[in-house]
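Please consider the model shown below. The account that follows takes its pocket, one of its helices and a loop residue in turn.

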Amino acid sequence: KWGEEKLRSMTTTDVTERFVKPETQRSKLAWCEQEASGGAVLTAEWFVSHAWKYLFIDVVSALSRHFEGSDPVVWFDILSVSQHETNVERPY
């Protein structure tokens, strides 16, 4: 459902609105917080900076090229910070 073909023409904003927010709508948590209970979320080693209006696939491709041959844990705000307006205080 998150395949490369669907993502090819989507900006980071589009991906957030189409995939991330619907996946986390019920909990209102960040995607990483929501998934953390399964043990799949690790402590980030790298921070990703991006422009919301640019193509998401370009960000992913650049990261793939940069980290080729390694398996980094990155902090990417669309997944690491709740994309919903909430009144919940976070420790970050």
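**The largest pocket and its surroundings**

The largest pocket holds about 690 Å³ of space. Its lining comprises 26 residues, and those closest to the pocket centre are Cys 32, Val 74, Trp 75, Phe 76 and Leu 79. The model is a predicted one. By residue class, the lining of the largest pocket consists of 21 nonpolar, two polar and three charged residues. At least two lining residues come from each of α2 (12–24), α3 (31–35), α4 (56–66), β2 (74–75) and α5 (77–80).

At Arg 18, α2 bends by about 25 degrees, and the proline Pro 22 follows within four residues. Which residues of α2 are buried? They are Thr 12, Val 15, Thr 16, Phe 19, Val 20 and Thr 24. An α-helix has 3.6 residues a turn, so positions three or four places apart point the same way. The cover over the buried residues of α2 includes α1 (4–7), α3, α4 and α5. Of these elements, α3, α4 and α5 also each supply at least two residues to the lining of the largest pocket.

The loop between α2 and α3 contains Ser 27. The side chain of Ser 27 makes a polar contact with the side chain of Gln 34, at 2.6 Å. Ser 27 and Phe 47 are 20 residues apart in sequence, and their C-alpha atoms are 24 Å apart in space.

Terms used
Residues numbered from 1 in each chain as written. Predicted model: local features only at pLDDT ≥ 70, side-chain atom pairs only at ≥ 80, totals over all residues. Heavy atoms only, no water. 1 Å grid on protein atoms, 1.4 Å probe; cavity = no way out; pocket = protein on both sides within 12 Å on 5 of 7 lines; lining within 4 Å. Points joined across faces, edges and corners; volume = space filled by probe spheres on them. Nonpolar A, V, L, I, M, F, W, Y, C, P; charged D, E, K, R; others polar. Bend = angle between axes of the 7 residues up to and from the residue. Buried < 20%, exposed > 50% of the residue type's maximum accessible area, 1.4 Å probe, protein only. Contact = heavy atoms within 4.5 Å. Polar contact = N/O pair within 3.5 Å; in protein donor to acceptor, adjacent residues only side chain to side chain.
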